[in-house]
Amino acid sequence: MEIEIEKLSDDLEEEWKNLKNSQIFQRPEWAKFLSLSTVITARDENGKLIGVMPLKERKIGIFKLVVAPSVPLVQAEQKEVFVNILNFFKGMGGIKLVETTYNDFNNGIDYQSLGFSILKRGTQIIPLDQSLEHVWANLAGEEGKNHKKIKRAVKIGVEIFEANSKEQWDEFYQIYSDAGKEWNVPIMSKEEYDSLRENVGNSNLAKLFVSKLNGEIIDGLVILLSNDNIVTFISASKKGK
């Protein structure tokens, strides 16, 4: 097995896409959205790609930060490849950070024994293998408040549909941007947002759903499609709506 750092190219991207069972954050489309051009690769004795882990290096003052948007992508039953890539990553200079999801903690890897500290935060995931009735029941919220809000929206004529044009994505970005300013929270730049639509949305890995009332878009939700899961990514509503 040979592990090295390669630059993302068209050929490498095609090899990467042939690796099966990747989560959204392990795909080349996500790496391109994040403008990541550096990839840790693992190849077998015949030069076949058997594992990848994209990353990005940046300077923060005198420190170098190396960030990976996911744990390594390897094929099933290749735990050794997974661990070797992580050890290669850990051996790089600077401060290392791996961003990952709850699903990655179900793969039998003891990350702490590999020298990683774990910082957990929430990830909203909706499994698509559940019945609509089960999903609806889980949306109830405290004392059924979410059900009441949904029923009220239907009653006053709110319509929900998938955005299918750049203009609709742009209209939601303005809502998203205004909400960020109102709540004083960081948001994606327009350039980053456009990259999300072009690299991830146009590959059918991200979708934008918007709500309309009286012909006006009042809020929206961008979701990511990751195998059998939906991952909520960004959402925003017009002020007062």
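Student: How many salt bridges does a search of the whole structure find?

Tutor: This is a predicted model. Side chains of opposite charge can pair when their charged atoms come close. Here the search of the whole structure gives 12 salt bridges.

Student: Which residue forms a salt bridge with Arg43?

Tutor: The partner is Glu15, and the closest N and O atoms of the pair are 2.9 Å apart.

Student: Is Arg43 buried or exposed?

Tutor: Arg43 counts as buried because its relative accessibility is 14%, and the cut-off for buried is under 20%. Glu15 has a relative accessible area of 29%, so Glu15 is partly exposed.

Student: Which side chain meets Lys64 in a salt bridge?

Tutor: That is Glu57, at 3.5 Å from N to O. Lys64 counts as partly exposed because its relative accessibility is 27%. Glu57 is also partly exposed, at 39%.

Student: What is the N to O distance between Glu198 and Arg197?

Tutor: The distance is 3.5 Å, and the two side chains meet in a salt bridge. Arg197 is buried because its relative accessible area is 11%. Glu198 has a relative accessible area of 43% and is therefore partly exposed.

Student: Which residues are linked in a network of salt bridges?

Tutor: The network links Lys166, Asp170, Lys190 and Asp194.

Student: What are the numbers of positive and negative charges in the protein, and how far apart are their mean positions?

Tutor: The protein has 31 positive and 35 negative charges.

Student: Which residues form a nonpolar patch on the surface?

Tutor: A patch is read as a group of residues, with an accessible area given for the group. In this case Ile60, Ile62, Phe63 and Ile95 form a nonpolar patch, with about 450 Å² of accessible area together.

Student: Where does Ile62 lie, and is Ile62 buried or exposed?

Tutor: Ile62 is in the loop between β3 (49-60) and β4 (63-68). Ile62 is exposed because its relative accessible area is 74%, where exposed means over 50%.

Student: Where is the place of Glu14, and how far apart in space are Glu14 and Val83?

Tutor: Glu14 is placed in helix α1, which covers residues 10-17. With a relative accessible area of 47%, Glu14 is partly exposed. From C-alpha to C-alpha, Glu14 and Val83 are 24 Å apart in space, and in sequence they are 69 residues apart.

Student: Now the whole protein. How many helices and strands are there?

Tutor: The protein has 7 helices and 11 strands. Along the principal axes, the C-alpha trace spans about 65 × 35 × 35 Å.

Student: What percentage of the contacts between residues at least 6 apart in sequence join residues at least 24 apart?

Tutor: The share is 60% of those contacts.

Student: What percentage of the residues is buried, and what does the accessible surface come to?

Tutor: Of the 241 residues in the protein, 39% are buried. The accessible surface comes to about 14,700 Å², and 49% of that surface belongs to carbon and sulfur atoms.

Methods: Residues numbered from 1 in each chain as written. Predicted model: local features only at pLDDT ≥ 70, side-chain atom pairs only at ≥ 80, totals over all residues. Heavy atoms only, no water. Helix = DSSP H or I, 4+ residues; strand = E, 2+ residues; numbered from the N terminus. Buried < 20%, exposed > 50% of the residue type's maximum accessible area, 1.4 Å probe, protein only. Contact = heavy atoms within 4.5 Å. Areas by Shrake-Rupley, 256 points an atom, 1.4 Å probe, with all protein chains shown as cover. Lys, Arg positive; Asp, Glu negative; His and termini not counted. Charge placed at Lys NZ, Arg CZ, Asp CG, Glu CD. Patch = residues over 30% accessible without salt bridge, like charges linked within 9 Å, V, L, I, M, F, W, Y side chains within 5 Å. Salt bridge = Lys/Arg side-chain N within 4 Å of Asp/Glu carboxyl O.
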